[in-house]
Structure formats: C-alpha cells, structure tokens
Amino acid sequence: MVLVPGFWHGTWCWNLTTIGLAGRGIPSVAVDLQGQGLDGVPPESYWRRPFEEDAFASESSPVASITATTAARDLISKLGSIGGGELCVVVAHSMGGAVATLAAELEPSLFSHIVYVAALAPVDGVPAGAYMASPNSTGEQGTALLRADPRTVGASRMDTGDRGGHEAIRAALYGDVPVPIADAAITLLNVDAPVGTALEPVSATRENFGSVPRTYVVCERDRMIPPRMQEEYVEAMDRISATTTNVVRIDSSHSPFLSQPDVLAEVIAEAWKGAR
C-alpha cells in the first residue's frame with residue numbers, strides 16, 4: 001500500500017490513517033509528491049523579517065520546474081523501489097490523483113488498484129487546474145488562499161505564517177478536523193505547490209490507465225474540490241475504462257485522513273483486500 005499526499009501536504013498527513021491500516025494488518029508507506037513534503041523548498045522571501053509582501057508575491061518558486069510528467073515519473077520510481085516488482089495499491093489525495101493517473105497511464109503494470117480521495121483526476125487531455133473554471137467548482141475556497149499569481153511565481157503559494165489567514169485555510173482544507181489538529185497541520189504545510197503539475201494536460205487511455213481498477217472516495221463536505229467536481233472526474237474515468245469506478249461517499253471535508261482516519265482506513269482496506 002502506497003499513500004500519496006496532495007498539494008502542500010507531506011507524508012505526515014497519513015499518520016493517523018496508517019495506524020488504522022496497521023491495525024487491520026495492512027502494510028503501508030507514504031511517499032511525498034515531487035516538490036512537496038521533505039522535497040518542498042519555500043521561497044527565500046517567506047523567511048524574511050520584516051515580511052515583504054511584494055517580494056513574496058513575485059519571487060520565483062524553487063519548485064517551478066516540476067510538471068505532472070516529472071512528478072509521475074518520480075512516483076513510478078518510488079513504486080518500483082517499494083513494490084520490488086510487485087503491483088501496488090496506490091492511494092492518492094487531491095493533486096496526487098492527477099500524478100497517480102498519469103503514472104498509471106505510463107506504467108500500468110505497477111498498479112493493482114488506485115484509491116482516489118477527494119482527488120483531481122483528469123483523463124481527457126485537460127490540465128487538472130482547468131477544472132477549477134468548471135461550473136462544478138462553484139463554492140471552492142482554495143483559490144482564495146493563494147498569495148501570488150501562480151503563473152508568475154510557478155507555484156500555488158500560501159502564507160501559512162500569517163495567523164490571520166488560518167481560519168480560511170481551516171475552512172478550505174480542514175472543515176471537520178478538530179481545531180487543535182487543524183492548527184498543527186497548517187504549521188506543517190508547504191508554502192509552494194508546483195503549479196506545473198496543475199497546468200500540464202493529462203490524457204489517459206483505455207489500454208493503460210483504463211485497465212487499472214479504481215475506487216473514488218467522494219468527500220461530501222469538501223470545499224477545495226466540491227463533490228460535483230469529484231463526480232465529474234469519476235464520469236470521465238468511466239468513459240475510457242474497461243470497468244466502472246467503485247464510488248464510496250464520506251461525510252467529510254477535504255481531509256478525511258485527519259477528521260475520520262479510521263473510516264478512511266476501512267475504505268482503503270476494502271480496496272486492498274479486493275486487489276489481492
């Protein structure tokens with residue numbers, strides 16, 4: 001079992017879920033997306049005091065060169081090392097879904113099942129970020145968190161050091177997460193997420209990606225990727241796939257790995273059992 005975080009998050013976000021998986025006898029390992037977690041480097045202006053808002057809004061990101069393809073190839077390399085040639089169940093959250101989708105298109109032989117959790121998962125040659133202009137994105141609160149033009153700095157950039165902005169981050173990412181846990185999580189978030197991952201078109205075929213069984217966990221109180229947009233991804237995946245996606249609904253925000261980790265662990269465990 002390989003767990004992949006989304007934008008701004010590192011492997012730490014899966015800690016509570018891995019406890020639930022271990023209790024069910026399921027081995028798991030979390031890996032960072034390229035440019036995130038321990039691989040995420042903030043802009044120098046983030047540390048400057050007094051804080052210079054203009055510099056923060058204009059400095060090029062250290063992760064600006066990362067794309068969906070480079071991140072997918074990085075994930076493929078990790079799956080090869082972890083699986084030792086065996087197929088893996090891959091759980092992907094948020095933007096991790098787009099990367100897992102492309103990785104499965106490039107190397108379907110490494111995947112026994114993909115579990116998407118409130119994930120972006122384009123398959124039709126459209127960038128993941130383009131879906132944010134869809135009518136199905138109405139009500140999303142993630143765009144308002146950005147503190148720089150992504151195309152200017154090469155990243156989706158948040159100011160997690162601004163205490164005044166924490167309520168908006170909690171509302172978008174952690175709506176049903178206990179406030180002390182949400183506050184702790186915010187301090188661990190990366191500042192920059194590579195916008196190249198969101199801007200590169202992702203296409204998938206019936207022969208490759210479409211041959212991999214899938215589960216999609218729809219988070220019904222999600223304010224980052226509204227439920228109707230999540231359903232839109234499922235519909236698109238099913239149009240190009242040999243089998244339909246197993247859809248599971250959780251009454252949670254964008255981050256059930258923190259708000260309902262045992263519920264999520266049970267969903268993942270069922271997918272893992274079915275893939276064996």
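Contact is taken here to mean heavy atoms within 4.5 Å. The structure is a predicted model, in which local features need pLDDT of at least 70 and side-chain atom pairs count only at pLDDT 80 or more, whereas totals for chains, interfaces and linings use all residues. Residues are numbered from 1 along each chain as its sequence is written, and side-chain values use heavy atoms, with hydrogens and water left out.

With residues up to four places away in sequence not counted, Met1 touches Leu21, Ile26, Pro27, Ser28, Val29, Val89, Val91, Ile268 and Trp272. A nonpolar core is a set of buried Ala, Val, Leu, Ile, Met, Phe, Trp, Tyr and Cys residues joined through side-chain atoms within 4.5 Å, where buried means under 20% relative accessible area (1.4 Å probe, protein chains only). The largest such core holds 84 residues, of which Met1, Phe111, Tyr174 and Leu189 touch the most other members. Helix H11 (residues 261-275) gives the most to this core, with 7 residues; helices are DSSP runs of H or I, at least four residues, numbered from the N terminus.

Tyr233 lies in helix H9 (residues 227-239) and is buried, its relative accessible area being 0%. Although Tyr233 and Ala121 are 112 residues apart in sequence, their C-alpha atoms are 5.8 Å apart in space, and the residues that Tyr233 touches, beyond those up to four places away in sequence, include Ala121, Pro122, Tyr131 and Tyr216.

With a disulfide defined as a pair of cysteine sulfur atoms within 2.5 Å, the count comes to 0. For Cys13, the nearest cysteine sulfur is that of Cys219, 12 Å away. Cys13 is buried at 1% relative accessibility, and Cys219 is buried at 0%.

Conventions
Helix = DSSP H or I, 4+ residues; strand = E, 2+ residues; numbered from the N terminus. Buried < 20%, exposed > 50% of the residue type's maximum accessible area, 1.4 Å probe, protein only.
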